[in-house]
Amino acid sequence: MSEDAHKPMFNLGVVLRETGIKADTLRAWERRYSFPTPERTSGGHRLYTQREIETVKWLHARQDEGLRISRAVELWRSFEAEGKDPLEELTYPSYVSATTLPAGDGIEGLRSAWVEACKSFDEGRADVILNQAFALYPPESVCLDLLATALAEIGEGWYTGEITVQQEHFASELAIRRIESLISSSPPPTLAEGVLVLCPPGEGHTFSPLLITFLIRRSRREAIFLGANVPVDQIDEVIQVTDPKLVILTAQQLHTAASLRDMASHLAERELPTAFGGRIFNLIPELKNHIHSRFLGDWIRDVPSGVDRVLRDPSILPAPESSTDETKLALAIFLNHHARIEARVWQEMSAKGDPYDNTAIANVDLAVNIIAALELGDIAFIGREIDRVKGFLENRGFPEEILTVYLGAYTEATEDIVGVEGKIITDYLLEVIA
């Protein structure tokens with residue numbers, strides 16, 4: 001900083017306006033921590049230097065990342081004790097004593113400790129661990145290498161039956177709450193092109209698009225998250241108000257990949273550049289070729305560079321090939337008759353002693369995914385979902401025969417009710433249960 005940065009030139013009003021801090025808060029910091037220490041005029045009024053203003057901003061940013069103010073002040077002083085300028089540091093030293101850190105080394109140990117805290121529904125400990133992580137590592141690393149990776153581990157634990165749905169929901173809510181806090185405290189944008197981030201109709205998983213929003217904000221670009229389950233017929237009004245240069249769509253499930261496809265096509269008709277991503281496109285890579293949009297990449301950490309790449313060349317991709325006539329016909333027939341299929345399957349499974357709830361849930365899940373696969377142009381896309389259900393049931397001790405019996409009843413009912421016009425559906429189901 002220049003020498004002028006150390007001259008006491010600014011009154012309290014300037015500091016409050018520049019930092020967004022309340023006067024009572026700033027006075028409390030000065031009283032409790034002697035930090036900052038402004039000079040006084042002959043009349044007793046405070047005069048701050050430019051460096052002191054930057055110091056207050058720095059402390060406020062550490063608070064937004066989850067540190068208590070006492071820890072933030074301690075962190076500042078630890079930098080100075082090491083002969084470093086805190087305003088020039090991009091990562092944080094280990095100011096927390098080893099005895100207070102969770103077991104394990106590095107961010108992997110913190111992640112393991114956070115997962116254990118969530119499994120125990122210990123919100124206080126989970127928050128302490130995150131606060132320590134944000135003190136030790138840049139926010140992007142904590143969000144990607146701790147929160148995102150931990151949620152993936154917890155999701156896998158739910159799939160294998162080692163973690164309950166309540167534990168999974170608890171962890172997700174804590175992670176979402178922290179990401180939302182980070183987004184609200186992100187620095188103001190310096191790049192002109194704004195980005196909208198949203199979930200298409202039916203998509204309720206918001207952690208990934210929130211993380212995308214945060215990463216874009218950290219790259220100093222404006223990003224607005226519209227939330228879950230955004231209707232196609234209401235997006236035009238939002239676009240008119242916000243005038244984005246790019247819309248990012250995310251989907252985690254097969255049926256929401258189909259609604260994402262519809263949203264992308266709708267935006268392409270309006271010549272608005274779009275990009276997309278999400279777990280389902282990594283699980284079924286072929287899906288990418290059925291979306292009228294630009295794929296952002298397999299790794300969420302690469303989203304900011306992907307956004308820059310699309311904005312440098314915002315041309316709309318050619319529309320993918322449309323579905324075959326056979327697929328379109330099968331979709332139309334299935335949409336008209338799937339309720340009859342489900343009723344018949346329920347009757348058959350009920351006669352075999354299977355509870356109504358099991359069959360009803362399976363019917364809804366299978367129908368939604370058959371429709372999505374046909375809309376996307378390839379019935380084989382449901383294979384991944386059927387494998388997932390098989391694994392889920394097996395991990396919970398259900399005999400595999402239950403699903404085989406159910407799929408057999410569903411295939412027979414489909415073949416009888418939709419006939420030759422739905423042959424591509426029954427042929428695939430027969431292949432699955434063979």
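**View 1. Pairing of V195 with A223 in strand β4 of the predicted model.** The bridge partner of V195 in β4 is A223. Strands β3 (residues 191-198) and β4 (residues 221-225) are parallel and share four bridges; strands are DSSP runs of E with at least two residues, helices are runs of H or I with at least four, and both are numbered from the N terminus. Two strands count as paired if DSSP finds at least two bridges between them. Between β3 and β4 the chain passes through helix α9 (residues 207-218), forming a right-handed β-α-β crossover; right-handed denotes a clockwise path from the first strand over the helix to the second, with the strands pointing away from the viewer. The model is a prediction, in which local features require pLDDT of at least 70 and side-chain atom pairs pLDDT 80 or more, whereas totals for chains, interfaces and linings use all residues. Residues are numbered from 1 along each chain as its sequence is written, and side-chain values use heavy atoms, without hydrogens or water.

**View 2. Strands β3 and β5.** Strand β5 (residues 246-250) runs parallel to β3, to which four bridges join it. Within β5, V247 is the bridge partner of L196.

**View 3. Helix α11 (residues 254-269) and the residue E271**. The 16 residues of α11 reach 23 Å from the first C-alpha to the last, close to the expected 22 Å; the expected span is 1.5 Å times one less than the number of residues. Buried positions in α11 include L254, A257, L260, M263, A264 and L267, where buried means under 20% relative accessible area (1.4 Å probe, protein chains only). Just after α11, E271 adopts a positive phi of about 55 degrees.

**View 4. The largest nonpolar core around F281**. This core has 54 residues, of which L254, F281, L287, I370, I382, Y410 and I425 touch the most other members. A nonpolar core is a set of buried Ala, Val, Leu, Ile, Met, Phe, Trp, Tyr and Cys residues joined through side-chain atoms within 4.5 Å. Beyond its neighbours within four places in sequence, F281 is in contact (heavy atoms within 4.5 Å) with A251, A257, L260, F276, L287, K288, I291 and F295. Another core, of 36 residues, lies apart and includes A113, L146, I183 and L210.

View 5. The structure contains zero disulfides, a disulfide being a pair of cysteine sulfur atoms within 2.5 Å. The sulfur of C118 lies 14 Å from the closest cysteine sulfur, in C143, which is too far for a bond. C199 is likewise in no disulfide, with the nearest cysteine sulfur, that of C143, 17 Å away. C118 counts as buried because its relative accessibility is 1%, and C199 is buried at 0%.

How values were computed:
Buried < 20%, exposed > 50% of the residue type's maximum accessible area, 1.4 Å probe, protein only.
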